[in-house]
Amino acid sequence: MAAEHYCADSENGDHIDDPSEDALFMLIGDLDGTDNTFVVIQPDEDDPAWFASVAVLDEGGYEVIRRDTTRREHDVIVETDRDRIAGDLTTWLAARAS
């Protein structure tokens with residue numbers, strides 16, 4: 001079944017259609033500094049207008065990038081709290097799906 005709004009793909013091959021906040025929390029928790037360093041969330045289409053990504057930083061924490069070309073948004077933050085990242089992404093993604 002294809003994603004209705006967006007999908008999440010991690011470097012190690014995990015794929016989730018329309019991930020919930022809990023699923024994002026788990027994907028972020030599975031990230032490590034060797035073979036699974038990032039997860040990307042975007043529409044399941046060619047040349048998507050927006051995306052969000054979370055990547056592990058060498059010095060600890062995560063770099064979160066949110067980019068939406070149609071709304072001229074490009075935010076980059078560093079965060080250590082996975083729960084906050086998952087919650088903020090869920091809110092941001094919901095605005096893209098509407």
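1. Basis of the note. The model is predicted, so local features need pLDDT of at least 70 and side-chain atom pairs count only at pLDDT 80 or more, while totals for chains, interfaces and linings use all residues. Residues are numbered from 1 along each chain as its sequence is written, and side-chain values use heavy atoms, with hydrogens and water left out.

2. The cavity. A search of the whole structure finds one cavity of 30 Å³ or more. On a 1 Å grid over the protein atoms alone, a cavity is a set of points where a 1.4 Å probe fits but cannot get out; grid points are joined across faces, edges and corners, and the volume is the space filled by probe spheres set on the points. The largest cavity has a volume of about 40 Å³.

3. Its lining. Val64, Arg66, Ile77, Glu79, Arg84, Ile85, Asp88 and Leu89 line the largest cavity (lining residues have an atom within 4 Å of a point). Strand 5 (62–68), strand 6 (73–79) and helix 2 (82–97) are the elements that give two or more residues to this lining; helices (H or I, at least four residues) and strands (E, at least two) are DSSP runs, numbered from the N terminus. Helix 2 supplies the largest share, four residues. By type, the lining of the largest cavity divides into four nonpolar, no polar and four charged residues (Ala, Val, Leu, Ile, Met, Phe, Trp, Tyr, Cys and Pro count as nonpolar, Asp, Glu, Lys and Arg as charged, and the others, Gly among them, as polar).

4. The nonpolar core. The largest nonpolar core has 18 residues, of which Ile41, Val54, Ile85, Leu89 and Leu93 touch the most other members. Such a core is a set of buried Ala, Val, Leu, Ile, Met, Phe, Trp, Tyr and Cys residues joined through side-chain atoms within 4.5 Å; buried means under 20% relative accessible area, exposed over 50%, and partly exposed in between (1.4 Å probe, protein chains only). Two or more residues come from each of helix 1 (21–29), strand 3 (38–42), strand 4 (50–56), strand 5 and helix 2, and helix 2 gives the most, with five residues. Leaving aside neighbours within four places in sequence, Leu89 is in contact with Leu24, Ile41, Ala52, Val54, Val64 and Arg66 (contact means heavy atoms within 4.5 Å).

5. The aromatic pairs. The structure holds two aromatic pairs (rings of Phe, Tyr and Trp, the last by its six-membered ring, pair if their centres lie within 6.5 Å; planes under 30 degrees apart count as stacked, over 60 as edge-to-face and the rest as tilted). The rings of Tyr6 and Trp50 have centres 6.0 Å apart and planes at 70 degrees, so this pair is edge-to-face. Because Tyr6 lies in the segment before strand 1 (7–10) and Trp50 in strand 4, the pair ties together parts that are 44 residues apart in sequence. Trp50 and Trp92 are also edge-to-face, with ring centres 5.7 Å apart and planes at 85 degrees. Trp92 is buried, with a relative accessible area of 9%.

6. Ser53. This residue is in strand 4 and counts as buried, at 12% relative accessibility. Not counting residues up to four places away in sequence, Ser53 touches Val39, Val40, Glu63, Val64 and Ile65.

7. Asp30. The loop between helix 1 and strand 3 holds Asp30, which counts as partly exposed at 44% relative accessibility. Asp30 touches Asp14 and Asn36, not counting residues up to four places away in sequence.

Definitions and conventions:
1 Å grid on protein atoms, 1.4 Å probe; cavity = no way out; pocket = protein on both sides within 12 Å on 5 of 7 lines; lining within 4 Å.
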